[in-house]
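Dear colleague,

I am passing on the structure below, together with some notes on what was found in it. Please read the notes with the structure open beside them.

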Amino acid sequence: MIEIRGLVKRYGELEALHRIDLTVPPGEFLVVLGPSGAGKSTLLRCINRLTPPTAGEIRVDGELTCDDRAALRALRCKVAMIFQHYNVVPRLSVLKNVLTGRLGSAPSVLSWLQIFPRRDVELARECLRRVELEAKADVRTDRLSGGQKQRVGIARALAQQPKIILADEPVASLDPKTSRTVMSYLKQASRELGITVVCNLHQVEYAREFAERVVGVSAGRIVFDGRPGELTDEVLHRIYPSLDDGETPQSPRRAGEAAPAASPWPADDPWRRPPAPQRVVGLREAGKPH
Amino acid sequence: MNLGPYALLLARPSGALGWWKHAITIPVAVAVLWWSAAGTQLSLAELANGVPWIIDFLSRMFPPNWGFLEKLVRPAIETIQIAIWGTIFAILLAVPLCFFAARNISPSLAVFHLMRQVLNVTRGINEIILALIFVAAVGLGPFAGVIALAIHGAGMLGKFFAESIEEIDQGPIEALRATGAGPIQTIVFGVIPQVITAWIAVSLYRFETNLRQATVLGMVGAGGIGFELVGSMKLFQYHDTATCILVIIVMVMTADYISSKLRAWIQEGAR
């Protein structure tokens with residue numbers, strides 16, 4: 001479904017992506033893991049050309065992506081995007097926000113007058129039902145909570161009836177329970193509708209729980225490509241190079257006090273685990289299958 | 001900087017020049033202010049000397065001639081009508097132009113600069129001058145006033161509309177691009193919902209301004225209460241002038257009240 005060959009993206013002197021090669025078969029739920037600034041967002045944005053690549057080829061659904069206007073419109077109808085900061089239009093109602101997903105295929109002039117085909121409105125309501133927000137269809141979107149806004153974003157993406165969904169850190173701004181709900185909606189949509197999903201995450205546990213395949217990106221290069229079960233400590237250190245040498249912030253000491261003994265690992269660092277043998281250790285209780 | 005038990009907090013100047021930057025800019029600023037004051041012949045002494053004349057002028061206007069009120073009813077209504085249509089035409093002219101004058105959605109930088117300058121020119125020409133031009137074109141009467149207010153207003157509204165567009169959150173715009181929406185669809189669904197409150201607020205403000213301007217357009221024969229105002233002054237009937245001024249003040253206060261109520265209602269979320 002997506003074929004990326006030799007993708008390079010340069011911002012002036014800075015090379016954000018170095019010759020990425022990646023193939024995503026149809027229907028796969030792919031998670032891209034990586035630290036901030038690794039190039040995950042850039043990679044996603046190159047696929048739907050929100051950011052034009054500097055070099056390289058990307059094929060979506062067999063067709064080469066390019067900057068021709070009609071081709072771009074056709075491409076973006078097939079590829080939906082979900083954003084970290086939701087990017088919903090605040091003053092519009094929830095239903096209208098979801099309907100904006102149909103703008104790529106709705107007749108232009110009628111849409112300017114806020115006229116949509118009835119089946120598009122039905123489809124929008126169906127998408128809202130899927131994310132359990134149909135009761136809020138007429139509410140102004142800025143009145144919703146963060147998690148609800150992200151569900152509107154998902155409904156909007158689903159309303160496009162896309163072949164691919166690109167989710168750029170969809171749960172980074174959400175609490176754990178809502179994050180899990182949002183990821184389940186995505187996984188469900190992917191499984192039931194056969195949509196290829198490429199999802200940027202930085203929570204390793206969600207990658208383990210939801211992904212069928214994980215790609216690790218670090219400093220613009222792919223450093224891991226495999227199943228979530230293969231995410232060992234060594235792999236995680238490759239993806240997150242400064243995992244171990246991040247210093248704990250010390251509380252300010254008055255003159256004369258001795259430094260406190262270093263704790264085995266900082267209590268608030270989610271990546272820290274006791275040094276383990278080279279085998280997969282779940283961050284949740286052991287024994288839960290995944 | 002410590003002053004006894006208190007501490008004065010000043011932003012530390014950054015950059016290579018540090019405090020010397022202020023050593024240059026402050027005297028320059030003072031010099032500019034001095035030069036402006038000299039050029040405008042500012043003088044508190046002159047003002048103080050002139051107070052008796054002000055009092056004399058005011059006393060000639062007091063008490064207002066209430067009998068004059070009935071002659072003012074039609075011109076006052078005409079003033080309001082001129083303000084209404086002047087504002088509506090200004091909005092209709094400004095809306096299509098403002099998208100080209102907004103840096104973030106203008107098709108090219110050249111178009112953006114051109115549009116900005118066009119709006120500046122229409123703003124720069126004073127309404128009275130425009131009214132004079134249009135009196136020559138369409139004859140004496142309120143229509144000339146309407147056109148003058150429309151053109152001047154389009155410049156000001158166009159600039160404000162464009163600036164509100166430049167201040168919108170780009171996130172939703174990007175999301176709309178990502179769904180394959182065309183440029184006008186992006187504007188209708190992404191830009192306009194974000195700017196509409198600001199646009200309505202500034203349009204109401206423009207209406208108030210037009211109301212005040214309409215009161216003086218009569219001076220050049222473009223209709224409204226200004227004709228009576230200037231006429232009474234030229235005839236030295238200052239009591240009538242006072243009545244005119246009071247009527248104008250009441251109109252402006254009412255317009256202000258109504259527009260602030262409307263703006264509050266819109267802010268609360270009427271869609």
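**The sheet of chain A**

In β4(A), A:Ile58 is the bridge partner of A:Ile4. Before going further, please note that this is a predicted model, in which local features need pLDDT of at least 70 and side-chain atom pairs count only at pLDDT 80 or more, while totals for chains, interfaces and linings use all residues. Residues are numbered from 1 along each chain as its sequence is written, and chains are lettered from A and ligands numbered from 1 in the order in which they are written.

Strand β1 (residues 2-11) of chain A pairs with strand β4 (residues 55-60) of chain A in the antiparallel sense over 5 bridges, where two strands pair if DSSP finds at least two bridges between them, and strands are DSSP runs of E of at least two residues, helices being runs of H or I of at least four, both numbered from the N terminus. These strands belong to an open sheet of 4 strands with antiparallel pairing, in the order β2-β1-β4-β5 (chain A), and its edge strands, β2 (14-24) and β5 (63-64) of chain A, each pair on one side only.

**Helices of chain B**

In chain B, α8(B) and α10(B) pack with their axes 10 Å apart and at an angle of about 175 degrees (axes are lines fitted to C-alpha atoms, for helices over the stretch in contact, and angles run from 0 to 180 degrees between N-to-C directions). That angle makes α8(B) roughly antiparallel to α10(B), a term for angles over 145 degrees. The residues of this contact divide into 11 nonpolar, 4 polar and 4 charged, with Ala, Val, Leu, Ile, Met, Phe, Trp, Tyr, Cys and Pro counted as nonpolar, Asp, Glu, Lys and Arg as charged, and the others, Gly among them, as polar.

B:Ile151, found in helix α6 (residues 142-166) of chain B, counts as buried because it has 21 C-beta neighbours inside 10 Å, the cut-off for buried being 20 or more other C-beta atoms within 10 Å of a residue's own, with C-beta atoms placed from the backbone. Not counting residues up to four places away in sequence, B:Ile151 touches B:Thr122 and B:Leu130, contact being defined by C-beta atoms, placed from the backbone, that lie within 7 Å.

**Where the chains meet**

The contact takes 23 residues from chain A and 20 residues from chain B. On the side of chain B that touches chain A, α7 (170-178) and α8 (183-217) of chain B each supply at least two residues.

How values were computed. Two residues are in contact if their C-beta atoms, placed from the backbone, lie within 7 Å. A residue is buried if 20 or more other C-beta atoms lie within 10 Å of its own, exposed if 12 or fewer, and partly exposed in between; C-beta atoms are placed from the backbone. Angles under 35 degrees count as roughly parallel, over 145 as roughly antiparallel, 65 to 115 as roughly perpendicular and the rest as oblique.
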